[in-house]
Amino acid sequence: LSPIELALSPGGERLYVVCEGSDELAVVDVKSGKVLRRVPVGRLPKGLAMSPDAKFVYVANSWSDTVSEIDTRTLAVTRTLDAGFEPTSVLVDREGKTLYAANRIGGDISVIDLASGGEPRRLVAGRGASYLAGSPDGRFIYGTHVYPNPGPHRTPPQSEITVIDTGRQAVT
C-alpha cells in the first residue's frame, strides 16, 4: 500500500494513513489496530491535513492535481478540489476557511477557499514547492522548496523557504 504520510485524530482514537501505492486513505482504529475503512482518493496521494474542527481530512493527490476532502464522520469523499500541478502537501488555516496546497511541478501554492471550493489565487513559491507548516499563532505558513543544482552528479541541491502571510494571503 506504500503508506507515506499519517495523522492522528485530536483524541488519538483514529490514525489516517495516506497510501501512495493504492491511491487511498486508510483509516485505522488505534486501539484495535484494525482498518475501519479504505477511502479511494486521487492518483498518487502524498500529503494530508486535518481541519481545525477535525470534521474533514484533506489529501493532496499529486498525479490528479487535486485535493480530496474526506468527512471524518462518514469516511467518504465529500468533494474533490482542483489544485495546481502535482500537489504534495496541504495545510488548513487556523480558522478552517482556507486550504493551502504546495504544487511541486507548478512551483506555486494554491490558495483554496473552502466555502466555495474555488481557488481565488495561486502564489508564486519557487521550483519544487513541497511541504507546508504553519506557525503556532497561525499568522504564517512556511513552504519548502528543494530542487537539483545544475552541476555534476550529487551536487547539493538548492533550497528555499517561502513565507506566506495568512492574513494577506501573500508571500512575504
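Reader: Is Ala-102 buried or exposed?
Author: Ala-102 is buried, at a relative accessible area of 1%. Buried means under 20% relative accessible area, exposed over 50%, and partly exposed in between, with a 1.4 Å probe and protein chains only.
Reader: Before I go on, what are the ground rules?
Author: This is a predicted model, where local features need pLDDT of at least 70, side-chain atom pairs count only at pLDDT 80 or more, and totals for chains, interfaces and linings use all residues. Residues are numbered from 1 along each chain as its sequence is written, and side-chain values use heavy atoms, with hydrogens and water left out.
Reader: Which strand is Ala-102 in?
Author: Strand S10, residues 98-103. Strands are DSSP runs of E with at least two residues, numbered from the N terminus.
Reader: And what is Ala-102 in contact with, leaving aside neighbours within four places in sequence?
Author: Its contacts include Glu-86, Pro-87, Asp-108, Ile-109, Tyr-131 and Leu-132. Contact means heavy atoms within 4.5 Å.
Reader: Switching to Asp-23. Where is that?
Author: In the loop between strand S2 (14-19) and strand S3 (24-29). Asp-23 is buried, with a relative accessible area of 17%.
Reader: Which backbone nitrogen lies 2.8 Å from a polar atom of its side chain?
Author: That of Leu-44. Leu-44 is also one of the residues in contact with Asp-23, and so are Arg-43 and Pro-45.
Reader: Now the sheet. What is the order of the 4 strands?
Author: S5-S6-S7-S8, an open sheet with antiparallel pairing. Two strands pair if DSSP finds at least two bridges between them.
Reader: Which strands stand at the edges?
Author: S5 (45-50) and S8 (76-82). Each has a single partner strand, so one side of each is left without a neighbour in the sheet.
Reader: How many bridges between S5 and S6?
Author: The two pair over 4 bridges, in the antiparallel sense; S6 covers residues 56-61. Leu-48 stands opposite Val-59 in S6.
Reader: Last topic, aromatics. How many aromatic pairs does the structure hold?
Author: 1. The ring centres of Phe-56 and Tyr-58 are 6.3 Å apart and the planes are at 40°, so the pair is tilted. Rings of Phe, Tyr and Trp (its six-membered ring) pair if their centres lie within 6.5 Å; planes under 30 degrees apart count as stacked, over 60 as edge-to-face, and the rest as tilted.
Reader: Is Tyr-58 buried or exposed?
Author: Buried, at 2% relative accessibility.

Key: A polar contact is a pair of N or O atoms within 3.5 Å; within protein, one must be able to donate a hydrogen and the other to accept it, and residues adjacent in sequence count only if both atoms are side-chain atoms.
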